[in-house]
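Please keep the coordinates open while reading.

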Amino acid sequence: MIAASQFVGPGADKISLTGRLVPEVLGRYGALETLVEMADTGDAYPFMDGRGQILGHFTIDRVDEGHDNLTEDGRARVKDFTIELTRVA
């Protein structure tokens, strides 16, 4: 037997995205810093798919970074990250 469910309207959608930057190949070192600055504002930002369709407006709740493969001057060649978002509209 399958439990019944009922749609009562859109709820608080939460999204967690993981990714990897390799600035020497693709991306830039300041990209994650920009996301942290955006998160600090508490504002909602449009979230779009690859075709430019807006999927909703989300706040950035958390940005976690990991650094790997450091250069001699301590700069990370690889940055792994996780971004947590919450839909607000």
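The lining of the largest pocket divides into ten nonpolar residues, no polar and no charged ones, where Ala, Val, Leu, Ile, Met, Phe, Trp, Tyr, Cys and Pro count as nonpolar, Asp, Glu, Lys and Arg as charged, and the others, Gly among them, as polar. The model is a predicted one, in which local features need pLDDT of at least 70 and side-chain atom pairs count only at pLDDT 80 or more, while totals for chains, interfaces and linings use all residues. Residues are numbered from 1 along each chain as its sequence is written, and side-chain values use heavy atoms, with hydrogens and water left out.

The residues that line this pocket are Leu17, Leu35, Met38, Tyr45, Pro46, Phe47, Phe58, Ile60, Ile83 and Leu85. Helix 1 (31–41), strand 2 (44–48), strand 3 and strand 4 each give two or more residues to the lining, and strand 2 gives the most, with three residues. Helices (H or I, at least four residues) and strands (E, at least two) are DSSP runs, numbered from the N terminus. The volume of the pocket is about 160 Å³. A pocket here is an open set of points on a 1 Å grid over the protein atoms alone, where a 1.4 Å probe fits, with protein on both sides within 12 Å along at least five of seven lines, and lining residues have an atom within 4 Å of a point. Grid points are joined across faces, edges and corners, and the volume is the space filled by probe spheres set on the points.

The protein chain holds one helix and four strands, which follow one another along the sequence as β-α-β-β-β.

| Strand pair | Bridges | Residues between the strands | Turn residue with positive phi |
|---|---|---|---|
| Strand 2 and strand 3 | five bridges | five residues | Gly52, about 90 degrees |
| Strand 3 and strand 4 | eleven bridges | five residues | Gly74, about 90 degrees |

Pro46, one of the lining residues, has His57 in strand 3 as its bridge partner, and His67 stands opposite Lys79 in strand 4.

The largest nonpolar core consists of eight residues, Leu21, Leu32, Phe58, Ile60, Val63, Phe81, Ile83 and Leu85. Strand 3 (54–70) and strand 4 (76–87) are the elements that give two or more residues to this core. Such a core is a set of buried Ala, Val, Leu, Ile, Met, Phe, Trp, Tyr and Cys residues joined through side-chain atoms within 4.5 Å; buried means under 20% relative accessible area, exposed over 50%, and partly exposed in between (1.4 Å probe, protein chains only).

Is Lys79 buried or exposed? Lys79 is buried, because its relative accessible area is 9%. Leu32, with the same exclusion of neighbours within four places, touches Leu21, Glu65, Lys79 and Phe81.

Glu24, by contrast, is exposed, with a relative accessible area of 52%, and its place is in the loop between strand 1 (14–21) and helix 1. Beyond its neighbours within four places in sequence, Glu24 is in contact with Tyr29, Thr71 and Arg77. The C-alpha atoms of Glu24 and Val78 are separated by 8.6 Å, although the two residues are 54 residues apart along the chain.

Conventions. Contact = heavy atoms within 4.5 Å. Pairing = 2+ DSSP bridges.
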